[in-house]
Amino acid sequence: MSAPSSAALPYLAGTVAAAARRFGDRPAFVDPDGAVLTYRRLHERSDEVAAGLARRGIGPGAVVALTLPSTAAWVVAYAATAKAGAAMAGVNPRLTDHERRACLERVAPALVIDSADDVHALAVTGGRPVPLDPAVVADPERAAAVVFTSGTTGLPKGVVFTDAQLRAITRYDVGDAWGGRTPIPQYGATQFAHVGFTTKLAWYLRLGTTTHLLARWRAGDVLDLVARERIATIGGVAPQVALLLRDPGFDERDLSCVKLLVVGGAASPPALVGEARRRFDAGYSIRWSSTESGGVGTATDPAGDLHEVLHTAGRPRPGMGLEVRDAERRPLPAGEVGRLWLRSDAAMARYWDDPDATAEVLVDGWLDTGDLGHLDDAGRLVVAGRAGDLFIRGGYNVHPAEVVARLGRHPAVAELAVVPRADDVLGAIGVAVVVPADPAHPPTLAELRAFGAETLSRYKLPEDLVVTDALPLTAMQKVDRRRLVALVADPDPRTGFP
């Protein structure tokens with residue numbers, strides 16, 4: 001096994017090498033077909049692929065795009081790219097052809113790897129990476145990874161992370177700790193191109209986790225895997241948790257191994273949090289972050305009071321700053337809604353080849369997240385949605401997340417979104433899109449309005465209702481607001497979707 005000086009290794013490459021020495025033949029990744037990639041083999045194989053990249057002239061300054069499925073081969077290719085000193089750009093294979101082309105055109109990769117066979121073909125048996133100039137490795141501007149935004153409001157942007165941000169993200173999660181003799185089983189909840197995997201792979205490797213991969217995320221398969229492998233922590237987004245709870249065999253499985261659910265990426269309705277805590281008999285931690293923040297931001301304490309657990313997104317990680325600001329970037333007092341600004345050394349370095357967009361969101365060490373919210377008197381964050389989600393009804397601002405937070409508590413509601421529909425008189429009105437807890441007995445618009453009127457002004461209440469089987473999701477498993485807007489504009493009575 002090659003052992004180059006750690007001074008000449010990019011951060012992820014050095015982590016792969018150190019994890020191989022610590023964990024050896026422990027399974028690192030288990031593919032859907034049962035094939036195992038050990039820590040030792042991950043290091044050896046990525047050395048061989050890095051040698052193949054060098055043969056093609058790919059090194060510092062180049063971009064390698066990964067469009068292949070989320071299997072162990074993806075991880076090998078990512079580690080090899082790091083060892084070559086190039087930047088890895090992950091493109092979610094579930095995107096449309098148009099979206100994938102847009103991502104690739106943005107970064108102009110020197111190589112696109114779209115299958116495990118491509119990874120295999122690159123490998124040079126017994127090969128080793130070309131030694132890198134330590135000055136190149138230490139370059140604070142050198143891109144290590146590019147993560148594309150979810151594209152819920154337009155074509156994705158390329159978010160650049162250097163080694164410095166990858167180190168910081170690991171530090172926020174595990175500090176300098178390494179895992180022990182007992183493997184930590186987990187499963188892949190998102191596509192590897194997502195910020196939740198790309199920027200956090202290093203800390204998974206430091207902990208010595210064994211990640212079990214699924215050909216496709218299905219609630220029953222996830223629950224079977226959790227029960228079989230005795231997985232203690234379930235990660236994902238709120239719609240996935242809702243699907244787990246609805247699985248008809250949920251109560252037949254022994255899920256006593258589950259101790260915590262870590263959920264971000266989309267709002268967690270209080271009713272969902274309560275049901276998940278009760279039925280899993282486990283803690284539930286809501287996370288708020290963004291692609292630009294490196295996937296780290298605020299978190300609720302699973303052992304906190306009920307208000308924190310159900311109705312807030314918690315507090316920033318230690319060492320981070322969080323401010324609510326007005327349109328002139330002046331801090332606002334507790335209780336007032338404004339734009340959320342985050343100060344964190346885990347935040348992105350820049351947008352790829354877009355200095356103007358970078359300058360708009362990175363200001364004096366702070367990141368404008370584009371989200372809206374307020375802080376309560378205890379310093380906990382209450383998210384009010386994206387700035388672009390706000391709509392104006394008759395001259396009054398309506399924040400959909402505020403309405404969802406209230407109506408989501410209605411006992412007949414399993415999932416809920418609120419989006420605007422153009423109106424000739426008022427400019428826009430709110431439409432509630434509801435997944436009912438009992439499909440045979442969905443709530444009525446009058447019931448929702450009466451329930452919401454207890455805490456919301458009348459102008460915030462929805463004025464129409466669409467009932468559907470499921471909320472549409474993007475390839476990143478976030479609620480697809482563009483499809484929702486189209487849905488409420490012209491719903492298809494057969495399916496609820498246009």
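Buried means under 20% relative accessible area, exposed means over 50%, and partly exposed lies in between. Keep those cut-offs in mind for this tour of a predicted model.

Start with R171. Now show its partner: the side chain of R171 forms a salt bridge with that of D345, 2.5 Å from N to O. R171 sits in helix α7 (residues 163-174), while D345 is in the loop between β16 and β17, so the pair links parts of the chain 174 residues apart. D345 is also partly exposed, at 40% relative accessibility.

Stay in that loop and select S344, between β16 (338-343) and β17 (350-351). S344 is buried, because its relative accessibility is 11%. A polar atom of its side chain lies 3.0 Å from the backbone nitrogen of A346. Leaving aside residues up to four places away in sequence, S344 touches Y172, M320 and G365.

Next, select R279 and D251, whose side chains form a salt bridge at 3.4 Å, N to O. R279 belongs to helix α12 (residues 270-280) and D251 to the loop between α11 (238-246) and β11 (260-264), so the bridge ties together parts 28 residues apart in sequence. R279 is partly exposed at 22%, whereas D251 is exposed at 62%.

Move to E328 and R330, where another side-chain salt bridge spans 3.2 Å, N to O. Here E328 is exposed at 52% and R330 partly exposed at 48%.

Finish by selecting D305, E308, R315, D376 and R380, which salt bridges with shared partners join into one network. The whole structure holds 29 salt bridges.

Note on methods:
Residues are numbered from 1 along each chain as its sequence is written. This is a predicted model: local features need pLDDT of at least 70, side-chain atom pairs count only at pLDDT 80 or more; totals for chains, interfaces and linings use all residues. Side-chain values use heavy atoms; hydrogens and water are left out. Helices (H or I, at least four residues) and strands (E, at least two) are DSSP runs, numbered from the N terminus. Buried means under 20% relative accessible area, exposed over 50%, partly exposed in between (1.4 Å probe, protein chains only). A polar contact is a pair of N or O atoms within 3.5 Å; within protein, one must be able to donate a hydrogen and the other to accept it, and residues adjacent in sequence count only if both atoms are side-chain atoms. Contact means heavy atoms within 4.5 Å. A salt bridge is a side-chain nitrogen of Lys or Arg within 4 Å of a carboxyl oxygen of Asp or Glu.
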